[in-house]
Amino acid sequence: MEQKVCVVGLGYIGLPTALSLAANGAPVVGVDTNPVVLEELLAGRLPFDEEGLPELLKAARANIVFSKTCCECALYIVAVATPYLSDTKKIDISQVAGAVKDVLRCCHDNAVIVVESTMPPGTTEKCIRPLLDGSGKNVRIAHAPERVSPGRMLVELTENARVIGADDPKVAEEVRALYSTFCKGEIMLTGIRTAEMTKVVENTYRDISIAFANELAKICRQENIDVYNIIRLANMHPRVNILQPGPGVGGHCIPVDPWFLVGDYPALSPLIHEARKVNDSMPEFVLQRINYILREKCFAPSRVGLYGISYKEDVDDVRESPTLQLLKKVKSALGPDLPVFDPLTKPNLVANQYVSFDEFLAASDLVVIMTAHRHIRENAGKLTGKAVLDTRHCITLEEVYNL
Ligand code: SAJ
């Protein structure tokens with residue numbers, strides 16, 4: 001029989017990973033301490049939407065059980081959240097440490113713990129190794145940071161290359177064997193610190209690249225130049241690849257991971273820190289654009305409707321969403337409870353959230369597109385006659401305001 005695997009943390013990463021392992025033949029125990037998540041899964045429902053996940057749940061069903069506690073297994077995968085501490089910007093390792101302690105209570109000698117949660121370099125040595133050493137058991141450790149993007153998770157889980165960090169080559173090979181049951185991308189073996197650093201660097205690189213596009217949008221606005229045209233033209237150069245400006249950077253990764261480097265290396269990371277500030281300033285920039293349009297059009301502030309709550313197109317994930325950041329600001333600037341609509345997110349996330357697109361449109365004179373869902377791209381015609389601020393540059397209408 002295959003080795004039993006326990007996946008601790010059944011969120012956006014842990015659940016698809018657990019299901020992929022089970023669907024490919026491994027006996028899996030999926031563990032989550034959140035009773036709501038567990039209740040959903042035990043009832044055969046998924047706690048969040050993701051393309052292909054319902055089918056994967058069906059394919060995995062025979063090989064997976066869900067539980068609120070860990071049990072004895074050969075391999076453990078820890079996929080819990082690693083936020084940052086708001087005062088120091090350093091990593092908040094408490095969820096990972098809690099999960100590792102739970103595993104250590106039930107595992108036997110020679111078990112392997114693979115941490116997938118993103119951590120800055122040295123965290124395993126500094127924060128996890130002492131827990132292993134103090135357990136009195138010979139438990140081995142590896143770091144296999146996840147690389148998948150919500151909306152494309154299952155494709156990327158299968159196809160993306162992966163970095164697996166382990167300081168013992170035998171552990172690295174064991175973990176590679178496990179992941180290669182579902183990961184068809186190249187698996188690169190390296191040390192733990194290198195794996196930790198690589199993951200943080202990937203997301204920091206993207207944050208800085210988006211910040212550059214956002215800063216260009218602000219400069220071009222002042223000069224009344226079309227930033228999208230500039231980016232398109234500049235990107236025709238064979239060594240230039242500028243990303244797209246937007247209303248801010250959301251999700252649980254890109255606006256979080258760069259802070260780990262700023263928190264641990266404040267004197268060495270001025271560029272990373274500035275990029276974070278630029279991206280965090282974008283909801284405020286959107287508000288300035290709204291105010292400009294309101295002055296030009298003489299609309300009542302209460303008739304500004306926000307389209308899109310999720311942090312990016314075609315997902316229902318609202319973590320660190322620019323719309324939620326903007327809503328905090330508009331309350332004092334434009335008044336409470338602007339009309340808000342998102343075709344994908346759960347209802348009642350925010351005040352005055354409409355479930356009908358048509359009713360949302362009827363309540364809005366100025367529609368601010370915050371998320372480029374396929375829904376709005378396909379229904380752009382319905383915006384005719386409205387003022388539109390398209391912060392994602394995703395629709396073509398005769399008269400549209402951009403960032
Ligand atoms: N965004 C822009 N302009 C762009 C691209 C993105 O404003 O040109 C915004 C998006 O709208 C969104 C935010 O940035 O609000 C982040 O979106 P994203 O698609 O760049 O990234 P995530 O958070 O969905 O997933 C990232 C991915 N990392 C990289 O691309 C380097 C993914 O591969 C990681 O697995 C994931 O973070 C993670 O979990 O770390």
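The entries below go from the domain interface to the salt bridges.

I worked from a predicted model, in which local features need pLDDT of at least 70 and side-chain atom pairs count only at pLDDT 80 or more, while totals for chains, interfaces and linings use all residues. Residues are numbered from 1 along each chain as its sequence is written, and side-chain values use heavy atoms, with hydrogens and water left out.

Interface. I took the domain bounds from the assignment, which is automatic or from a database, and which gives domain 1 (5-192) and domain 2 (206-402). I found 18 residues of domain 1 in contact (heavy atoms within 4.5 Å) with 17 residues of domain 2. The buried area, meaning the accessible area (1.4 Å probe) that two parts lose on being put together, summed over both, is about 1,500 Å² between domain 1 and domain 2. On the side of domain 1, Y12, Y84 and K89 lose the most area to domain 2.

Salt bridges. Between domain 1 and domain 2 the count is one. I also looked up E174 and R140, whose closest N and O atoms are 3.1 Å apart; E174 lies in helix α7 and R140 in strand β6, both elements being DSSP runs (helices H or I, at least four residues; strands E, at least two). R140 is buried at 15% relative accessible area, whereas E174 is partly exposed at 29%, where buried means under 20%, exposed over 50% and partly exposed in between (1.4 Å probe, protein chains only).

Conventions
A salt bridge is a side-chain nitrogen of Lys or Arg within 4 Å of a carboxyl oxygen of Asp or Glu.
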